[in-house]
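Biologist: I have not looked at this one before. Can you take me through it?

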Amino acid sequence: MARDMSDKEILKMELDQLKVEVNTPRIAVSTTAPEIIAFVEEKSGEDPLVKGVPEDKNPFKEKGGCIIT
């Protein structure tokens, strides 16, 4: 997409993006970190990466072994 645009158009897009970013409200990490930790701990019981996937529901379970003769 950027190949089809002139330098002026690319700079205008970058300027528009910076205008959006400057108006984005900021929140301190010290405020949001406890909220993120609480959310992750709350959801960890349902997380298959933490809990694991039951063998009967695992779509990637090996169906058979490899036999070399």
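Modeller: We can go from the overall build to single residues, keeping in mind that this is a predicted model.

Biologist: Fine. How many helices and strands are there in the protein?
Modeller: The protein has three helices and zero strands. Along the sequence the pattern reads α-α-α.

Biologist: Is that a compact globule or more spread out?
Modeller: More spread out, because the radius of gyration is 24 Å, well over the 11 Å that the globule rule gives for 69 residues. The C-alpha trace spans about 65 × 45 × 15 Å along its principal axes.

Biologist: What percentage of the residues is buried?
Modeller: Buried residues are 1% of the 69.

Biologist: And the surface, what does it come to?
Modeller: The accessible surface of the protein is about 7100 Å², and carbon and sulfur atoms account for 61% of that.

Biologist: Which residues form a nonpolar patch on the surface?
Modeller: Ile36, Phe39 and Val40 do, with about 310 Å² of accessible area together.

Biologist: Where does Ala33 sit?
Modeller: Ala33 is also a residue of helix α2, which covers residues 29–43. Ala33 is partly exposed, because its relative accessibility is 28%, and a residue has to be under 20% to count as buried.

Biologist: How far is Ala33 from Gly52?
Modeller: Their C-alpha atoms are separated by 26 Å, and the two residues are 19 apart along the chain.

Biologist: Changing topic to charges. How many positive and negative ones are there?
Modeller: The protein has 10 positive and 14 negative charges. The mean positions of the two sets are 4 Å apart.

Biologist: How many salt bridges does that give, by your count?
Modeller: The count is one salt bridge. Lys12 pairs with Asp16, and their closest N and O atoms are 3.1 Å apart.

Biologist: Why would side chains like that pair at all?
Modeller: Side chains of opposite charge can pair when their charged atoms come close.

Biologist: And how are Lys12 and Asp16 placed in the helix?
Modeller: Both are in helix α1, residues 7–22. They are four residues apart there, so about one helical turn separates them.

Terms used:
Residues numbered from 1 in each chain as written. Predicted model: local features only at pLDDT ≥ 70, side-chain atom pairs only at ≥ 80, totals over all residues. Heavy atoms only, no water. Salt bridge = Lys/Arg side-chain N within 4 Å of Asp/Glu carboxyl O. Helix = DSSP H or I, 4+ residues; strand = E, 2+ residues; numbered from the N terminus. Buried < 20%, exposed > 50% of the residue type's maximum accessible area, 1.4 Å probe, protein only. Patch = residues over 30% accessible without salt bridge, like charges linked within 9 Å, V, L, I, M, F, W, Y side chains within 5 Å. Areas by Shrake-Rupley, 256 points an atom, 1.4 Å probe, with all protein chains shown as cover. Rg over C-alpha atoms; globule rule 2.2 N^0.38 Å. Lys, Arg positive; Asp, Glu negative; His and termini not counted. Charge placed at Lys NZ, Arg CZ, Asp CG, Glu CD.
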